[in-house]
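Visitor: I am new to this structure and would like to learn how to read its features one at a time. Could you show me the model and then take me through it?

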Amino acid sequence: MELRYNTKDEILAAHEELRRSFDSHITLDIEFRKHQLKQLSFLLKDNVDALADAIRKDLGRCRFETVFAEIMVTTNSAVEAHQNVDSWAKNESRWAGAVWAFHSPTVRKEPKGTVLVIGAWNYPISVQIGPMISAIAAGNTAILKPSEVAAHFASLLADLWPKYMDPRMTRVINGGVEETGQLLDLRWEHILYTGNGRVGKIVAEKAAQWLCPTTLELGGKSPVFVDESADLKITAHRILWAKSVNCGQTCIAPDYIICTPGVQSKLIKEFEIAYGEFWPNGPKSSPDYARIVNERQFGRLNNILETTKGSIVIGGERDASIKFMEPTILKDTPRGDISMSDEIFGPILPIITVKDMDEGCSFVNSRDQPLALYVFGNKKVTEEIARKTRSGALVQGDLMLHFCVESLPFGGTGPSGYSSLHGKAGFDTFSHARATMNAPASGILGWIVEKLMSPRYPPYTDGNLAKLSLLAGRKLPFKRPPQSYRGAPTGKMTRFFNSTTVLILFLAFLYRLYGGQALAFLLR
């Protein structure tokens with residue numbers, strides 16, 4: 001199936017039609033959103049084989065990995081959104097104290113508008129359709145721009161999408177660099193990009209011309225701490241699995257290992273055992289092992305193996321004709337090695353040795369914050385590493401599975417990206433939290449509030465300021481700490497009540513309980 005790029009006129013028309021559609025308020029209907037989420041679920045369910053086959057053609061990935069790591073996860077995400085969007089979209093009343101009790105402070109969850117999702121090629125279902133689930137649940141109209149690198153998938157998705165999804169809410173636009181640039185020059189209310197930091201900077205710069213908020217999922221070098229307290233057999237199996245899934249082309253794959261020299265030698269032995277169990281006849285002949293996506297990526301990874309100063313202790317075989325690269329482990333890798341310069345995004349795993357985990361934390365902190373950080377060790381070690389490092393996510397005892405948990409926010413920090421996806425976090429990312437107040441301005445309640453708030457009007461006097469301070473000001477509920485303060489606050493907490501506040505609280509209670517009739521009876 002050949003990938004057809006959309007024309008400039010088609011891109012402009014789709015953008016204009018979706019903006020008009022949003023202005024028609026059709027997406028404000030929660031049931032309409034839920035119907036689209038159902039349709040998206042059936043798009044995935046009905047086309048498992050076709051989707052898996054397209055990804056196999058693009059990435060050489062087996063059906064098992066596509067179903068387990070993408071279709072299952074993304075379908076669960078759609079179901080989760082469908083089941084919870086009613087509660088996610090509800091207005092939230094906020095208690096702001098007795099003085100504002102009559103004003104009904106509320107946060108409305110409103111869609112941002114027309115949004116753009118630019119997906120990556122390595123997991124085209126989860127990183128392209130996944131964010132669309134959040135955009136749909138939040139009530140936006142949206143364009144999805146699949147990566148042209150995974151051409152078979154992009155072509156299939158463009159064919160399937162209009163068969164299931166309402167074109168008034170979402171569209172798929174295909175193209176290369178030129179078409180993506182055209183999309184980025186248009187006005188959006190939110191842009192989500194998954195990919196590398198170089199392009200992420202371009203996206204953020206383009207979005208800035210409209211002051212458009214962005215979500216960037218950029219990956220990075222995710223370290224794995226392996227402490228001597230870890231079960232190295234389990235550790236080796238889990239790390240090798242996570243590094244070999246999709247041939248290592250995963251943004252949250254383990255990028256390098258940090259351990260002591262003693263742990264390194266023991267861990268390598270366990271890697272050798274796990275390697276033999278995973279691929280008894282070698283990964284090259286295994287139907288379970290994927291391939292590098294294209295020649296350019298293969299050349300980049302091949303250069304790492306040809307240039308590295310680390311010692312290859314496992315793997316190292318590659319075949320450019322079929323874009324095969326064996327899972328490869330490097331020991332005694334120098335900290336300034338080529339394999340440590342950028343995210344590897346392939347099946348190469350360097351081991352960095354340190355004298356202890358504190359030195360490992362210092363090394364991680366000297367680099368960009370990673371998208372994920374993994375720890376194999378006891379609870380005390382994990383807590384110390386968590387306290388002394390920063391990362392988008394932290395997982396103890398396993399790798400990458402946090403991506404599958406919809407109730408956990410997924411996102412980076414600093415150069416690994418910003419903003420969050422998945423579940424309610426994704427809904428909130430694509431929503432605007434609109435602050436609202438309903439100040440009484442008529443009737444008995446309006447008269448009461450007007451009397452209470454009238455000291456705010458000119459001419460200003462110290463007396464009126466004092467009244468407002470009694471009404472709306474807050475006394476510091478703690479004592480002044482000593483100048484040498486280094487620990488927790490001392491002294492008992494105090495609360496400040498005055499007669500005006502008590503009156504307001506009492507009236508608010510009556511209003512909430514009985515409505516305006518109680519106040520009318522009380523004040524007549």
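This is a predicted model: local features need pLDDT of at least 70, side-chain atom pairs count only at pLDDT 80 or more; totals for chains, interfaces and linings use all residues.

Visitor: Into which domains does the domain assignment divide the chain?

Guide: The assignment gives domain 1 as 8–219 together with 424–435, domain 2 as 223–411, and domain 3 as 439–471. Between the C-alpha centres of domain 2 and domain 3 there is a separation of 64 Å.

Visitor: How should I read a pair of packed helices?

Guide: Two packed helices are described by the angle between their axes and by the distance between those axes. Take helix H2 (residues 30–46) and helix H5 (residues 125–137), whose axes come within 9 Å and cross at roughly 165°. Angles over 145 degrees count as roughly antiparallel, and H2 is therefore roughly antiparallel to H5. The crossing of H2 and H5 is left-handed.

Visitor: Which residues of H2 and H5 meet?

Guide: From H2 come Arg33, Gln36, Leu37, Leu40 and Leu44, and they meet Ile125, Ile129, Ile133, Ile136 and Ala137 of H5. By residue type, this contact of H2 with H5 divides into 8 nonpolar, 1 polar and 1 charged.

Visitor: At what angle does H5 pack with helix H6?

Guide: H5 and helix H6 (residues 151–164) pack at about 30°, and their axes are 12 Å apart. Angles under 35 degrees count as roughly parallel, so H5 and H6 are roughly parallel to each other. Their crossing is right-handed. On the H5 side the contact is made by Ile125, Gln128, Ile129 and Met132, and on the H6 side by Phe153, Leu157 and Trp161. The residues of this contact of H5 with H6 divide into 6 nonpolar, 1 polar and no charged.

Visitor: How are H9 and helix H10 placed relative to each other?

Guide: H9 and helix H10 (residues 261–278) pack at an angle of about 60°, with 8 Å between their axes, and they are therefore oblique to each other. The crossing of H9 and H10 is right-handed. Residues of H9 that meet H10 include Leu232, Ala236, Ile239 and Trp241, while among those of H10 in the contact are Val263, Leu267, Phe271 and Phe278. Taken as a whole, the residues of the contact of H9 with H10 divide into 11 nonpolar, 2 polar and 4 charged.

Visitor: Which residues are joined by a cis peptide bond?

Guide: Pro458 and Pro459 are joined by a cis peptide bond, with omega at about -5°. To find Pro459 in the model, look in the loop between helix H15 (443–453) and helix H16 (462–472).

Technical notes: Residues are numbered from 1 along each chain as its sequence is written. Side-chain values use heavy atoms; hydrogens and water are left out. Axes are lines fitted to C-alpha atoms, for helices over the stretch in contact, and angles run from 0 to 180 degrees between N-to-C directions. Helices (H or I, at least four residues) and strands (E, at least two) are DSSP runs, numbered from the N terminus. Angles under 35 degrees count as roughly parallel, over 145 as roughly antiparallel, 65 to 115 as roughly perpendicular and the rest as oblique. A crossing is left-handed if the near helix is turned anticlockwise from the far one by less than a right angle, and right-handed if clockwise. Contact means heavy atoms within 4.5 Å. Ala, Val, Leu, Ile, Met, Phe, Trp, Tyr, Cys and Pro count as nonpolar, Asp, Glu, Lys and Arg as charged, and the others, Gly among them, as polar. Domain bounds come from an automatic or database domain assignment.
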